[in-house]
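Let's take a walk through this protein together. Have the sequence and the 3D view open, and we'll stop at a few spots along the way.

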Amino acid sequence: MKPTRRHFLRQSALAATGAGLISLPTLEAIASQRKRISPNDKLQVGLIGCNGMGWSDLRSHLLQSDVQCVALADVDQSVLDKRSADVEAMQHTKPQLYKDYRKLLENKDIDAVIIGTPDHWHCMAMIDSVAAGKHVYVEKPLANSIEECNLMLAAAKKYNKIVQVGQWQRSGSHYEKAIEYIRSGKLGNIRLVKVWAYQGWMNPVPVRPDSAPPAGVDYDMWLGPAPKRPFNPNRFHFNFRWFWDYAGGLMTDWGVHEIDIALYAMNAKAPKSVMASGGKLAYPDDASETPDTLQAVYEYDGFNMLWEHATGIDGGNYGRTEGIAFIGNNATLVLNRDGWSILPETETKNGIKVYKVEDIPDQTRNGEYLNEHTKNFVQAVKANNPKLLKCGIETGSIAAINAHMGNIAYKTGRKVYWDTAAKGFKNDPQANALIAAHYHNGWKLPVV
């Protein structure tokens, strides 16, 4: 029996706390699945930044028996030691360890690198990697500024390397089918796309005093081009996302995933204008800097896109904590990591209210898409064909640049107008100043 819409919404709400989580096998399970492959047939990879998504990305790559991890780089010695032991448990050989990723890039055995650092390191690590002749899998968002995105695009082109961005929803089969439906025209004229991330699990970040860096951490290297500041545990590891020095908050963290799918489905790349409003409204006194509540309205040719995010709340649009809604004259298609459904509009014919489109069964997720995304990267590298990529660097740059535009509109507090040809904002020096990357501590913005 077809699930009712009420059932679907209720189940989505109940599953909200686990929606979209990445599930990977245990280290032992990965080890047992790996087959014996000739060393000559293996893709030799190194990992730069060994916590969080960097580690998830490597584990996913190692599900493929023709991938071998030969090196790890991280500024935290305790992380290096732990991940070295974990890698050995999965593949039965030890990787070489580096505190400075530039030494890793000197290793001629490495074919490709995975970059899982905080956002403010993505640009330099990626450009150094392609310049060293390595292919790259780089975590999202592509960069911490629009200027860096453009430099990374130029570097990938100059050095002719395969670069996949970790927006793994692009490798999801149910996303692909939803996009086919959207582009079929059945929804009618799509005038509004809603995109959101409501994160109920996020609690306030408590104010904590500055302290000495943990033993074994090269804090100066962790800061890199970011402004010099005393070490504070709130800014380290996961919570770096909520500080402007290193990242762009939920807008660039979750936003690039959802905005990417929205713009791809609508065949759009750059807005005509953006305005945004929000702030620290949920937790005004906590330690984070980026807004915990934000709405941004993007104007494109023929439609508007509304981005929303909020922390401490799970009750997002249509009963989903995250998602995208394509609102057309005939129906609305609601899509998220759990699946998608059609909400038909009605009309009256011969005195009877009928749906404007067929009310098809709700569609569900099929598989672990991160694994499909890493397989896609390996396939493209082995074929030396960037056209095979599900989320190449140009795709990743579109999502990141649009997300940064939303943050720029928020910071200026007014509507900003984009000039695609000039790659800047029209008659707005303040907004254009926020496009630029600012490097500190002797680090220089890469020259391509």
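## A buried aspartate

D86 has a relative accessible area of 11%, so it is buried, the cut-off being under 20%. Keep in mind as you look around that this is a predicted model. You'll find D86 in helix α4, which covers residues 77-91.

## A covered strand

Next stop is strand β2, residues 67-73. How many of its seven residues are buried? The count is seven of seven, making β2 a mostly covered strand.

β2 has a partner in strand β1 (residues 43-48): the two run parallel, and six bridges join them.

## The ten-stranded sheet

Now for an open sheet built from ten strands. Reading across, the order is β16-β13-β12-β11-β7-β10-β9-β8-β17-β18, with mixed pairing. At the edges sit β16 (363-364) and β18 (424-425), and each of these pairs on one side only.

Which way do β7 and β11 run? They are antiparallel, with seven bridges joining β7 (residues 190-199) to β11 (residues 322-328). In that pairing, I190 stands opposite G328 of β11.

## Helices on the sheet

Helix α11 (residues 255-265) packs on this sheet, where it touches β7, β9, β10 (303-311), β11 and β12 (331-336). The direction of α11 makes about 25 degrees with that of β11. Helix α13, residues 393-412, lies across β8, β9, β17 (416-419) and β18. Compared with β8, α13 runs at about 60 degrees.

## Where helices meet

α11 and α13 also pack against each other: their axes are 9 Å apart and the angle is about 115 degrees. That makes α11 roughly perpendicular to α13. The crossing of α11 past α13 is right-handed. On the α11 side, the residues involved are V256, I259, D260 and L263, and they meet T395, I398, A399, A400, N402 and A403 in α13.

α11 has another packing partner, helix α8 (residues 173-183), with an angle of about 35 degrees and axes 9 Å apart. This crossing of α8 and α11 is right-handed too. Here Y175, I179, I182 and R183 from α8 meet I261, Y264 and A265 from α11.

## A threonine in a loop

Our last stop is T290, in the loop between β8 (273-279) and β9 (293-300). Is T290 buried or exposed? Its relative accessibility is 3%, and because buried means under 20%, T290 counts as buried.

Setting aside residues up to four places away in sequence, T290 touches R241, W242, F243, W244, G248, G249 and K280.

How values were computed: Residues numbered from 1 in each chain as written. Predicted model: local features only at pLDDT ≥ 70, side-chain atom pairs only at ≥ 80, totals over all residues. Heavy atoms only, no water. Helix = DSSP H or I, 4+ residues; strand = E, 2+ residues; numbered from the N terminus. Buried < 20%, exposed > 50% of the residue type's maximum accessible area, 1.4 Å probe, protein only. Contact = heavy atoms within 4.5 Å. Pairing = 2+ DSSP bridges. Axes fitted to C-alpha atoms, helices over the stretch in contact; angles between N-to-C directions. Parallel < 35°, antiparallel > 145°, perpendicular 65-115°, else oblique. Left-handed = near helix turned anticlockwise from the far one by under 90°.
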